[in-house]
Amino acid sequence: MQIERLPVASLLPAPYNPRIELKPGDPAWEKLSRSLHEFELVQPIVWNKQTGFVVAGHQRLAVLKAQGVTEIDCVIVDLPLEKEKALNITLNNSAVGSDWDADRLLDLVSELQDLPDFDATLTGFDEQQLQDLILTPAPLPITENSSGDEENNRIQVILEVPVDDWSDVEHRINELLAEFSAVRLHLRNAKPAA
């Protein structure tokens, strides 16, 4: 692998890049900016010397430019345009990698959250996503009447069930409802995809 330090001004974003461009203020921009500030650039920009285009790392490049960085390390490839385009898609395609191992991710995130003085949002998950991931309800706000107000002392759980699995899941939910009389169930069909 060839790595060179190149001036940021010479790195041309690929005009065909299919990724949605992030803008300052976008939550993903802010997470990426924070990550680059905390960890620096640990995943270099990929640049093609045949075309002068960035093949991968457009978002990182935009954030680094906004932070005033003038030179960065780049992985250099030497590809014709059609192979460059294929590599761009491959490097940006989440289907090329694997999915999370849910149990391992849960264990790892839980471990990080249990560390004293460690901000687990450095993982790129925000507080709500971390709570959703480990099924931890958000802390309930403490109010004068919260001890007696049933609505303020509830946790709402949204469960999405494939139609084909509903009869099996319905049976299990009915068992749960029979065991816990204070649990309420609200059913509705999911909105059809647009």
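This is a predicted model: local features need pLDDT of at least 70, side-chain atom pairs count only at pLDDT 80 or more; totals for chains, interfaces and linings use all residues.
Strand E3 has both of its faces covered: Ile45 and Trp47 on one side, and Val46 and Asn48 on the other, are all buried. Buried here means under 20% relative accessible area.

E3 belongs to an open sheet of five strands, arranged in the order E1-E5-E3-E4-E2 with mixed pairing. With E5, E3 pairs in the parallel sense over four bridges, and valine 46 stands opposite valine 75 in E5. With E4, E3 pairs in the antiparallel sense over two bridges; here tryptophan 47 has valine 54 as its bridge partner. E3 and E4 form a hairpin with four residues between the strands, in which glycine 52 takes a positive phi near 85 degrees.

E2 and E4, the latter made of residues 53-56, pair in the parallel sense over two bridges, and proline 13 stands opposite valine 54 in E4. The edges of the sheet are strand E1 (2-7) and strand E2 (12-13); each has a single partner strand, so one side of each is left without a neighbour in the sheet.

Two helices can now be placed against these strands. Helix H2 (residues 58-66) packs on the sheet, where it touches E2, E3 (45-48), E4 and E5 (71-77). The direction of H2 makes about 120 degrees with that of E4. Helix H3 (residues 81-92) lies across E3, E4 and E5 and runs at about 40 degrees to E4.

Notes. Residues are numbered from 1 along each chain as its sequence is written. Side-chain values use heavy atoms; hydrogens and water are left out. Two strands pair if DSSP finds at least two bridges between them. Contact means heavy atoms within 4.5 Å. Axes are lines fitted to C-alpha atoms, for helices over the stretch in contact, and angles run from 0 to 180 degrees between N-to-C directions. Buried means under 20% relative accessible area, exposed over 50%, partly exposed in between (1.4 Å probe, protein chains only).
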